[in-house]
Amino acid sequence: MATRDYVKRGKAPRKKNSRRQPPARKGFPLKWALLAIALVGAFGYGLYLLSQTDTPAPTQPQQPTAPAKPQPKSTLPEKPKEKWSYIEELESKKVEVEAKEIPQSTRPYLMQCGAYRSREQASERKAMIAFQGLESQIKVSQGEKGAWYRVVLGPYPRKRQAERDRNMLRRAGIEPCAIWYWE
């Protein structure tokens with residue numbers, strides 16, 4: 001099969017752009033006007049019919065066989081006697097609650113928010129944490145593969161305080177942060 005050479009073919013001749021004339025506006029839409037007049041007339045006729053009908057008379061309620069004694073409007077009925085005596089019993093009761101002591105850890109906690117190969121990266125993370133109002137430190141750890149710069153916060157006497165700071169850093173977009181015992 002022979003290949004075609006589209007380059008030598010050239011562009012197709014342009015067609016002359018003839019301007020279309022917008023269609024001439026027709027006259028007044030008579031059928032829509034007649035439909036609107038018919039609808040308004042039907043609505044008016046319906047309102048006229050409603051105004052000419054009589055309203056139904058209210059039905060009389062049935063009279064009871066024995067007439068009740070009329071109560072004077074200015075006096076209140078007697079207060080009913082209470083069936084229960086819990087109100088008097090509760091007034092003399094005292095509630096005693098024993099609070100459980102939270103076990104204190106003997107070791108403090110630390111929070112690590114990154115370990116980096118370069119001191120500059122660790123300093124950047126430390127600055128981001130400082131913008132949140134927390135103080136962090138950079139600790140150097142020697143491992144088999146060389147030096148690591150860890151960004152740590154703490155020590156915290158309770159884990160709850162470390163978790164509060166971790167949640168604050170998480171809301172600021174600084175994560176992951178791990179909480180461990182202080183070494």
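How many helices and strands are there in the protein chain? The protein chain of this predicted model has four helices and four strands. The close-up views below take the sheet, its helices and the loops in turn.

**View 1. Overview of the protein chain in the predicted model.** Read from the N terminus, the elements follow the order α-α-β-α-β-β-α-β. Of the 183 residues, 13% count as buried. Among contacts with a separation of 6 or more, 69% are between residues 24 or more positions apart.

**View 2. The four strands form an open sheet with antiparallel pairing.** The strand order is β2-β3-β1-β4. At the edges lie β2 (137–143) and β4 (178–181), each of which pairs on one side only. On average, neighbouring strands are turned by 40 degrees against each other, direction ignored. Strands of a sheet pair through backbone hydrogen bonds, in a parallel or an antiparallel arrangement.

**View 3. Strands β2 and β3 run antiparallel and are joined by seven bridges.** Strand β3 covers residues 146–156. Val 140 stands opposite Tyr 149 of β3. Helix α3 (residues 119–131) packs on the sheet and touches β1 (109–116), β2 and β3. The direction of α3 makes about 20 degrees with that of β3.

**View 4. Strand β1 is largely enclosed by the rest of the structure, because seven of its eight residues are buried.** The cut-off for buried is under 20% relative accessible area. On one side, β1 is joined to β3 by five bridges, and the two strands run antiparallel. Met 111 stands opposite Leu 153 in β3. β1 also pairs with β4 in the antiparallel sense, over four bridges. Here the bridge partner of Leu 110 is Trp 180 in β4.

**View 5. Helix α3 has buried and exposed residues on opposite sides.** The buried residues are Ala 122, Arg 125 and Ile 129. These residues cover an arc of only 60 degrees around the axis, so they sit on the same side of α3. On the other side of α3, Glu 120, Glu 124 and Phe 131 are exposed. The cover over the buried residues of α3 includes β1, β2, β3 and α4. The length of the helix agrees with expectation, because 13 residues at 1.5 Å a residue should span 18 Å and the end C-alpha atoms of α3 are 18 Å apart. Just after α3, Gly 133 has a positive phi of about 90 degrees.

**View 6. Ser 136 is in the loop between α3 and β2.** Is Ser 136 buried or exposed? Its relative accessibility is 5%, so Ser 136 counts as buried. Leaving out residues up to four places away in sequence, Ser 136 touches Lys 126, Ile 129, Val 151, Val 152 and Leu 153.

**View 7. Helix α4 (residues 159–171) lies across β1, β3 and β4.** The helix runs at about 35 degrees to β1. Which residues of α4 are buried? They are Ala 162, Asp 165 and Leu 169. Seen down the helix axis, these residues fall within an arc of 65 degrees and therefore line one face of α4. They pack against β1, α3, β3 and β4. The face turned away from this buried side carries the exposed residues Arg 160, Arg 164 and Arg 171. The 13 residues of α4 should span 18 Å at 1.5 Å a residue, and the end C-alpha atoms are 19 Å apart, which agrees. Gly 173, which follows α4, has a positive phi near 90 degrees.

**View 8. Cis peptide bonds join Gly 154 to Pro 155 and Glu 175 to Pro 176.** For the bond between Gly 154 and Pro 155, omega is about 10 degrees. Pro 155 lies in strand β3. For the bond between Glu 175 and Pro 176, omega is about 5 degrees. Pro 176 is placed in the loop between α4 and β4.

Technical notes:
Residues are numbered from 1 along each chain as its sequence is written. This is a predicted model: local features need pLDDT of at least 70, side-chain atom pairs count only at pLDDT 80 or more; totals for chains, interfaces and linings use all residues. Side-chain values use heavy atoms; hydrogens and water are left out. Two strands pair if DSSP finds at least two bridges between them. Axes are lines fitted to C-alpha atoms, for helices over the stretch in contact, and angles run from 0 to 180 degrees between N-to-C directions. Contact means heavy atoms within 4.5 Å. Buried means under 20% relative accessible area, exposed over 50%, partly exposed in between (1.4 Å probe, protein chains only). The expected span of a helix is 1.5 Å times one less than its number of residues. The arc is that of the directions from the helix axis to the C-beta atoms.
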